[in-house]
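Keep the viewer open as you read.

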Amino acid sequence: MFAPFKWEAYFSNFPVILMAFGKTIAISFLALVLALLLGMIFGMFSVTRSPILRALNRIYVEAIQNVPLLLQVFVMYSVFPLIGIKISTFLIGVIAIGIYHGAYISEVVRSGISSIPNGQFEAAKSQGFSYAQTMFQIILPQAITIIMPPLAVQAANLIKNTSIMALVAGGELMYASNSFANSTSYYGPAYVTAAVLYFILCFPLSRLALSLEKNRGRSRVKRVEYVNKAMTELDEDMKNAVAEEGVSTWESSSRG
């Protein structure tokens, strides 16, 4: 598998692999933008008071999450042309992967928003804030620390799912690696290098998710410590106030 002549043949074809790697990055970036957009929109739909918007969110999430991504790609690639809709494999990757992960991101956004106390919604409403103002100025800035770690995980999963495009000649990294391996039977260099390149993209995101989770944990501990300290100080102030009131009452009764 690691014979030098196989690696020599592979690296002579490496410019093609790099072009495919660039296409993987492009599909991943655009699909992530689409997924974030859909995730934010449908995530906010899930916590509105409108039953229609909540129903739209549930239909989108349940339909997408319970149908395999590969099947969705095949529908766009094979079925859409039958009804006159022709899409390039690049756009199929962006749209299918973006829509698929948008459903998962919407659930992440929903859980982040739901973690914010309802009192803040009511307080914003009492001050005359619209729903959009409440979300973008009050709720989402607080929820972002909760949302970011799972978002980083979703981004890594999205990159790995671009490999599905190899089954429809997507021209990305996995397709180029498969093409080289099948044409030469040099599977070792092709798949080992593909694994390394995917690792280069995904490992920083997994470490980012872990780092964000640890920072959130430290922030939570600091908030708890701050609240406990504030409660202790308030308790001491109340005790002092009660003691001072008792002294004042005793002095008044003594004078009487």
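**Pocket, helices and rings**

Helix α6 gives the most to the lining of the largest pocket, with 4 residues. Helices here are DSSP runs of H or I with at least four residues, strands are E runs of at least two, and both are numbered from the N terminus. This is a predicted model: local features need pLDDT of at least 70, side-chain atom pairs count only at pLDDT 80 or more, and totals for chains, interfaces and linings use all residues. Residues are numbered from 1 along each chain as its sequence is written, and side-chain values use heavy atoms, with hydrogens and water left out.

Stay with the pocket. Its lining has 14 residues; Val47, Arg49, Phe121, Glu122 and Tyr131 lie nearest the centre. At least two lining residues come from each of α5, α6 (118–126) and α7 (131–161). The volume is about 330 Å³. A pocket is an open set of points on a 1 Å grid over the protein atoms alone, where a 1.4 Å probe fits, with protein on both sides within 12 Å along at least five of seven lines; lining residues have an atom within 4 Å of a point. Points are joined across faces, edges and corners, and the volume is the space filled by probe spheres set on them.

Now the whole chain. The protein chain has 9 helices and 0 strands. Of its 256 residues, 34% are buried. Buried means under 20% relative accessible area, exposed over 50%, and partly exposed in between, with a 1.4 Å probe and protein chains only.

Next, α8. This helix covers residues 173–184, and its 12 residues should span 16 Å at 1.5 Å a residue; the end C-alpha atoms are 17 Å apart, which agrees. The expected span is 1.5 Å times one less than the number of residues. Which residues of α8 are buried? They are Leu173, Met174, Ala176, Ser177, Phe180 and Ala181. These cover an arc of only 165 degrees around the axis, so they sit on the same side of α8. The arc is taken from the directions from the helix axis to the C-beta atoms. Exposed Asn182 and Ser183 are on the face turned away from the buried side.

Look at the ends of α8. At its start, a side-chain oxygen of Glu172 comes within 2.9 Å of the backbone nitrogen of Met174. Just after α8, Ser185 has a positive phi of about 65 degrees, although Ser185 is not a glycine. Ser185 lies in the loop between α8 and α9. Ala169, in the loop between α7 and α8, also has a positive phi, near 55 degrees.

Finish with the rings. Rings of Phe, Tyr and Trp (its six-membered ring) pair if their centres lie within 6.5 Å; planes under 30 degrees apart are stacked, over 60 edge-to-face, and the rest tilted. The count comes to 13 aromatic pairs. Tyr100 and Tyr104 form a tilted pair, 5.3 Å centre to centre with 55 degrees between the planes. They are about one helical turn apart because 4 residues separate them in α5 (residues 89–114). Tyr100 is buried at 13% relative accessible area, whereas Tyr104 is partly exposed at 26%. Tyr187 and Tyr191 form a stacked pair, 6.0 Å centre to centre with 25 degrees between the planes. Both lie in α9 (residues 187–255), 4 residues apart.

Notes: A polar contact is a pair of N or O atoms within 3.5 Å; within protein, one must be able to donate a hydrogen and the other to accept it, and residues adjacent in sequence count only if both atoms are side-chain atoms.
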